[in-house]
Amino acid sequence: MSEPRIIVLMKEVPDIDLVTISDEGRLERENVPSVADPFCMMALGHAIRMKKDMGAHVTAVTMGPPHAEGMMRRCLEYGTDEAILLTDRAFAGADTLATARALGCFLKGQNYDYVFCGVQATDGDTGQVPPELSSILEIPIYSYVSDIDLTDGVRMTQMYEDECLVIDAPPKAVVSFIRYPETNIPLPSMTDFIDARKKDVTVMNAWMLGMPLNMIGSKGSRTRVTGIATVLKRKKEPVFIEGNDVSLAAKEILKEVGI
Amino acid sequence: MIEFTPNSDSPYLIDECKIRGNADRVAIPENEDELSTLLLECNDRSIPVTISGLRTGLCGGSVPYGGTLVSLERLNSVIGIGEDDRGFYVRTQPCVTVDEIVRMVRLKHVSSISDITDDACARFRSDDRMFFYPVDPTEMHGSIGGNISTNASGPRTFRYGPTRDWVRSVRLMLPDGRTVRITRGENIAKGRHMDANVDGIHLEFDVPGYDFNTDVKNAAGIYARNDVDLLDLIIGSDGIFGVIVEADVYLTEWHPLISNIIFMPDDDSALGLIDDLRHDDVVDPEFLEYFDCGSVDLVRRSCSVDPTILRPPEGKRSAVFLDLPMDGSVESRYERLFELVRNNGGDPSDSWTGYGDKDRERMFRFRHSVPKSIFNYVASLKKDMPAINKMGTDMSVPEERNREMMAEYGRVLGSYGLEYVIFGHLGNCHPHAEIILKDMEDLRKAKEAYAVLARRAFELGGSPSAEHGIGKLKRDYIMMMYGAEGTEGIRRMKMAFDPNMILNRGNIIE
């Protein structure tokens, strides 16, 4: 296959490493910066590798607030040919179905071989958008992909809990990536950074996509978040076992945990 | 309070330099009252007390040789925010890590801490600016108490100076359990004589007679000079005068930065680039770090064990790491930087950049993987060679003698047949030469070579300990730098705080 066209779906999420849980069990997200979702970064990394190895044309797309433009500019620095931001107040409050509809609407107007995305995002963890997109676009989905081998066509490795499948992966398809191995995408160079400043992030709104307003955002959503609860584990006081007899200590531990 | 008798392999008897000590007991006080009672008891019975924080030190300062090891690990809360003429400061207990301070300040999570001055937390939270604690000691999980005790510094010292420049005050617990708050500007020596009444306690002593070298980055012993501030005598004193139970550290306004790692064809080209950048007003880097070809190769080998570390490009490569302000001048900065890279034989596209937290974290992990892989390597040797320890230099010299000193590392270590890598803070003319020990014979040779290099750094107007402190490992160099009279001056000063000489015995002086 020569010069495949890849569209990478990106999502901006709060940096979960900086989100803390208050004593009352609330998520403290104030002042937490946004980052590109690490699952999406896996998808982006594989797309950039295909660009370098086989001349793929790569477009990064996100649906998000205006400040997501910074993340899309970073995609250009990583080497994507285009970066597109779908942003509109009408998209706000979208559940996974309304999100997939908007992205699907955009994708239907594009020429692509693969839609690369993360299996899930670290903020919602639903994992629903990739299969919903596959359904909306009426194309197959290769899920849980961990690696792509380009030596003889496009061959993908899917990682499941107890097995690993290597499949021939013809276009046209949605491909969802897991974080395996942990992200190690080469960073853009200084010249990539400067060159990307000559490019623009394309911004599109709902009207430009031709989306009816009752199909997107909160109006187009079929689910509502009615509450969030955190299960707090009861913290036990540490118990210190004195002495040098290991077997006696082991018995004490077993007694302590009720065995 | 938790107390126990440590086994010989207890983690409480070792720090990151991997020398192992011994202690009759380990005590972990829950609060200041318990610490005070414990110190008083030890003082009355003349039991030696070694204070440890999170044991990330590199000179054995927290490694005990007998007596009681007191771990301050439970004194680990951020107390509050205050504000004075200089700006906002954070008040913490000693075992809060630098990373915890940075995160708290970054996120402005002040709901569970106190106002040190009126409405400081609310004012801090509502301030539109972002702030940070600018001292980056590389090991961000070390304690602030340990950082102050060793006057720690790191890459950002190039722009912001060492820990000393950011300490507003400390509350010091004396060996008899009483505490004094020592605040900058409140207790100044007259010439070499200090006569201070602090919180009802009279402290009178002569400041040691030598002049502490401030021309270079320096963490070698007590900051002795005319008209010195009492606080400056405590900072960098390796805990020999008292136990820091609280500290105020200043914050400064944060600004966006872009990090860059530039790969160069060989060691000389990287050194040339750093020389060109050190005073370049256009590029104006925030820090300048160097990795010789051996260091970059070490990172490459670390990648096979830890795939999260960025893999350097293949082939022989040295590297220069620098941060630039991400402001309206960023393009002109890069234009000039590209020119300097090319002038020194490099290619600007042979580089990495990052400005988001995640990308910069990856770049700093790359940097930290050099010392980390050395720590892990030395730890792996200890199974077969228990007496082995890490041997890494920590010497700084004046800028005009830097190339001479760089040549000395190669000449001296090469003459002993030792394998080594050199990396670190070349912006401040302060690299770390880490010796790759293979056996105890190498350790013997390394100690000899180290002494030769330390003397050479001193002769060139530098310091044998630029940022790690003295602890027990580098005590001999105090005698070399300050002589018998200077060393005796430190001892006399210690007697004024610790007449029974129980605290942190073996640090700085015998």
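B:Cys17 is buried, at 0% relative accessible area. Keep in mind that this is a predicted model.

Is B:Cys17 in a disulfide, or in none? In none: the nearest cysteine sulfur belongs to B:Cys59, 6.8 Å away.

Next, B:Cys293. Buried or exposed? B:Cys293 has 12% relative accessibility, so it counts as buried, the limit being under 20%. B:Cys293 is in no disulfide either. Its nearest cysteine sulfur is that of B:Cys303, 16 Å off. Over all chains, the disulfide count is zero.

Now the sheet. Chain B has an open sheet of six strands. What is the strand order? Read across, the order is β7-β5-β6-β13-β9-β10. The pairing is mixed. In general, strands of a sheet pair through backbone hydrogen bonds, either parallel or antiparallel.

Which strands sit at the edges? On one edge is β7 of chain B, residues 114–115. On the other is β10 of chain B, residues 179–183. Each of them pairs on one side only.

Let's go inside the sheet. Strand β6 of chain B covers residues 87–92, and β13 of chain B covers residues 243–250. These two run antiparallel, joined by four bridges. Take one residue: B:Thr92 has B:Ala247, in β13(B), as its bridge partner.

Last, a helix. Helix α2 of chain B spans residues 98–107. Which strands does α2 lie across? It lies across β5 (78–84), β6 and β13 of chain B. Relative to β6(B), helix α2 runs at about 135°.

Notes
Residues are numbered from 1 along each chain as its sequence is written. Chains are lettered from A and ligands numbered from 1 in the order in which they are written. This is a predicted model: local features need pLDDT of at least 70, side-chain atom pairs count only at pLDDT 80 or more; totals for chains, interfaces and linings use all residues. Side-chain values use heavy atoms; hydrogens and water are left out. Two strands pair if DSSP finds at least two bridges between them. Contact means heavy atoms within 4.5 Å. Axes are lines fitted to C-alpha atoms, for helices over the stretch in contact, and angles run from 0 to 180 degrees between N-to-C directions. A disulfide is a pair of cysteine sulfur atoms within 2.5 Å. Buried means under 20% relative accessible area, exposed over 50%, partly exposed in between (1.4 Å probe, protein chains only).
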